[in-house]
Amino acid sequence: MMSGPLDSIVIGFGEGVVAGSALAVAELDEVRNRNADGTAKTEFGPREPFYFWVHHEPGLRIVSVRATGGNVSMVGQESRSRTLAWTFFPFADTSVELSHVPLGRPSALWYGRDGRLQVDGRRLTAAAVPAVGDISYSFRVTLFRVTPPAETGGLTNEQQRFPVGVAVLMGVA
């Protein structure tokens, strides 16, 4: 059985960055990693390259990216988008904090009452509650390509199916 190439993408923080105080996210890229039927690909064959991205707050920078096998190369800066369904209620703090720093103002498609979305950085609230809507936003990522090693030392195809771990070190910008 083939496992996914990334059993883990680990983000570490260098000097001057307090872990947990800054936003840094890494994920397999659903735009570039696609099956023939168009679905997102999460498993890859031996020597098959794959893509992942890193998103971080403006106060951080990527210091280094290394994989446990093969080569990692930076492809460049791109944008990705997300849409999330959210219900805002009047009797609790129903604000939501986005998982990414939005490139611009998030947009909302409201179902029923117009919630009048209020944006403060990554935190969103609705001025008119209760309200239900789909919140959409874009964010900037740095895209990387991992190319597994071509030489496998005489391993069989089954033995060549091994997980690849990626370590991303972040520093102060």
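Of the 173 residues in the protein chain, 34% are buried, where buried means under 20% relative accessible area, exposed over 50% and partly exposed in between, with a 1.4 Å probe and protein chains only. Keep in mind that this is a predicted model, in which local features need pLDDT of at least 70 and side-chain atom pairs count only at pLDDT 80 or more, while totals for chains, interfaces and linings use all residues. Residues are numbered from 1 along each chain as its sequence is written, and side-chain values use heavy atoms, with hydrogens and water left out.

Now for the fold. The chain has 11 strands and 0 helices, going by DSSP runs numbered from the N terminus (H or I of at least four residues for helices, E of at least two for strands).

On to the inside. In soluble globular proteins, nonpolar side chains tend to be buried together. Here the largest nonpolar core has 17 residues, a core being a set of buried Ala, Val, Leu, Ile, Met, Phe, Trp, Tyr and Cys residues joined through side-chain atoms within 4.5 Å. W53, F88, W110, L117, L124, I135 and F139 have the most contacts inside this core. Two or more residues each come from β3 (50-56), β9 (123-126) and β10 (131-147), and β10 gives the most, with 6. Apart from this core lies another, of 16 residues, including A26, F50, L60 and V166.

Take a closer look at F139. Leaving aside neighbours within four places in sequence, F139 is in contact with W53, H55, E78, S79, R80, S81, R82, H100, V101 and L103. Then there's T142, in strand β10. T142 counts as buried because its relative accessible area is 4%. Its side chain joins that of Q77 through a polar contact of 2.7 Å, that is, a pair of N or O atoms within 3.5 Å; within protein, one must be able to donate a hydrogen and the other to accept it, and residues adjacent in sequence count only if both atoms are side-chain atoms. Not counting residues up to four places away in sequence, T142 also touches F52, W53, V54, I62, M74 and G76, among others.

Y111 sits in the loop between β7 (107-110) and β8 (117-120), and counts as partly exposed because its relative accessibility is 47%.

Note on methods:
Contact = heavy atoms within 4.5 Å.
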